[in-house]
Amino acid sequence: MDMKAKQKHFEMLVESFSSELYRFGYGLCHNSAQAEDLVQETFLRAWKSFDKLREANSARAWLYTILRRENARIYERQRPEARDPESLPEVAVRGSDTSVEGLVLRKQLNELKVEYREPLMLQVLAGFSTEEIGVIMNISANAVMTRLSRARRLLREALQQEKTQQTVGVL
């Protein structure tokens, strides 16, 4: 592939996946500036190794994998500051649920351990299959299903507890 064609193809990837990579990155780090940096670093690394991408239809999963690894590198280099989940800024996403239930769900999702939140976000937000998530996270499809099951169970329990607390608070 000549340089012009390569550049054009890469620009299409950037246009196609920037928004969803940002949402996923924000879900991982809960910081808009850091999420933007993650996306930029993802595309920079992708450009450097673009010739290694063999199948065009695997580009999406490849970009998610790069973003996950870059996020992990950040945490290897620095220790993140502890933050209260209630003080985290909300992502302004067109069509996002602003109901009380939606806010509670996002709060509970943010409180899940990354090992459970990440595969759930990859499945629900990005639409990846368990096999694709396994490739992205470098774990087996069975491990993905286990983590998804636990994530959903933990969310259900947390939401039920939140609902019970609200009911008791009203009485």
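**Helix packing and selected residues**

Me: Which residues in H5 do Arg23, Phe24, Gly27 and Leu28 in H1 meet?
Reply: The model is predicted: local features need pLDDT of at least 70, side-chain atom pairs count only at pLDDT 80 or more, and totals for chains, interfaces and linings use all residues. Residues are numbered from 1 along each chain as its sequence is written, and side-chain values use heavy atoms, without hydrogens or water. With contact taken as heavy atoms within 4.5 Å, the four residues in H1 meet Arg117, Glu118, Met121 and Leu122.

Me: How many residues of the contact of H1 with H5 are charged?
Reply: Asp, Glu, Lys and Arg count as charged, Ala, Val, Leu, Ile, Met, Phe, Trp, Tyr, Cys and Pro as nonpolar, and the others, Gly among them, as polar. On this basis the contact has 4 nonpolar residues and 1 polar residue. The charged residues number 3.

Me: How are H1 and H5 oriented to each other, and what is the hand of the crossing in which H1 passes H5?
Reply: Helix H5 covers residues 114-124, and the axes of H1 and H5 are 10 Å apart, at an angle of about 165°. Axes are lines fitted to C-alpha atoms, for helices over the stretch in contact, with angles from 0 to 180 degrees between N-to-C directions; under 35 degrees is roughly parallel, over 145 roughly antiparallel, 65 to 115 roughly perpendicular and the rest oblique. H1 and H5 are therefore roughly antiparallel. A crossing is left-handed if the near helix is turned anticlockwise from the far one by less than a right angle and right-handed if clockwise, and the crossing of H1 past H5 is right-handed.

Me: Which class has 15 residues in the contact of H1 with H2?
Reply: H1 and H2 pack with their axes 8 Å apart and an angle of about 150°, and that makes H1 roughly antiparallel to H2. Their crossing is right-handed. In their contact, 6 residues are polar and 2 are charged, while the class with 15 residues is nonpolar.

Me: What is the orientation of H5 to H6?
Reply: The axes of these helices come within 10 Å and cross at roughly 130°. H5 and H6 are therefore oblique.

Me: Which residues of H6 make the contact with Glu118, Pro119, Leu122 and Gln123 of H5?
Reply: H5 passes H6 in a right-handed crossing. The four residues of H5 are joined in this contact by Thr130, Ile133, Ile136 and Met137.

Me: Is His30 buried or exposed?
Reply: His30 sits in the loop between helix H1 (3-29) and helix H2 (32-48). Buried means under 20% relative accessible area, exposed over 50% and partly exposed in between (1.4 Å probe, protein chains only). Because its relative accessibility is 10%, His30 is buried.

Me: With which side chain does that of His30 make a polar contact?
Reply: A polar contact is a pair of N or O atoms within 3.5 Å; within protein, one must be able to donate a hydrogen and the other to accept it, and residues adjacent in sequence count only if both atoms are side-chain atoms. Phi of His30 is near 60°, a positive value in a residue other than glycine. At 3.4 Å, the partner of the His30 side chain is that of Asn110.

Me: Is Asn138 buried or exposed?
Reply: Asn138 belongs to the loop between helix H6 (130-137) and helix H7 (141-170). Phi of Asn138 is positive, near 60°, in a residue other than glycine. With a relative accessibility of 65%, Asn138 is exposed.

Me: What separates the C-alpha atoms of Asp37 and Tyr22?
Reply: Asp37 is part of helix H2 and is partly exposed at 47% relative accessibility. Asp37 and Tyr22 are 15 residues apart along the chain, and their C-alpha atoms are separated by 9.2 Å.

Me: Which side chain does a polar contact of 3.0 Å join to that of Arg73?
Reply: Arg73 is in helix H3 (residues 59-77). Its relative accessible area of 27% makes Arg73 partly exposed. The side chain joined to that of Arg73 belongs to Glu70.

Me: How many helices has the protein?
Reply: Helices (H or I, at least four residues) and strands (E, at least two) are DSSP runs, numbered from the N terminus. From that end the elements run α-α-α-α-α-α-α. There are 0 strands, and the number of helices is 7.
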